[in-house]
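Please look over the model shown here before reading the points that follow.

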Amino acid sequence: MPEFVRQLKAQDGGNIWLVGGAETFTMLLKAQLVDELIITIAPVLLGDGISLISTHLTDMPLELSKTRQLGQFVELTYKINY
């Protein structure tokens, strides 16, 4: 998977959008292939859900680069500092 993403990033085009999949997301973070993380917060408390990352990841510093309100939702954009 990381090699495939490296090939995609080497091509002309826009962003690569990954939705869901904690194991895949964590794998790409460890390979330093994620440049930005966009988290949207919805006004709902869930009693159960799917993890954003797997538990096999060490602490990683993030830098808040943008916030945006979309009605009742809030979108947080972070740059990832490897």
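The notes below go from the whole protein to one residue.

1. This is a predicted model, in which local features need pLDDT of at least 70, side-chain atom pairs count only at pLDDT 80 or more, and totals for chains, interfaces and linings use all residues. Residues are numbered from 1 along each chain as its sequence is written, and side-chain values use heavy atoms, with hydrogens and water left out.

2. The protein has two helices and three strands, in the order α-α-β-β-β along the sequence. Helices (H or I, at least four residues) and strands (E, at least two) are DSSP runs, numbered from the N terminus.

3. The C-alpha trace spans about 35 × 30 × 20 Å along its principal axes. Of the 82 residues, 20% count as buried, meaning under 20% relative accessible area with a 1.4 Å probe and protein chains only.

4. Among contacts (heavy atoms within 4.5 Å) with a separation of 6 or more, 62% are between residues 24 or more positions apart.

5. Where does Glu75 sit? Glu75 belongs to strand β3, which covers residues 73-80. Is Glu75 buried or exposed? Glu75 is buried, because its relative accessible area is 12%. Leaving out residues up to four places away in sequence, Glu75 touches Ile38, Ile39, Thr40, Lys66, Thr67, Arg68 and Leu70.

Note on methods. Buried means under 20% relative accessible area, exposed over 50%, partly exposed in between (1.4 Å probe, protein chains only).
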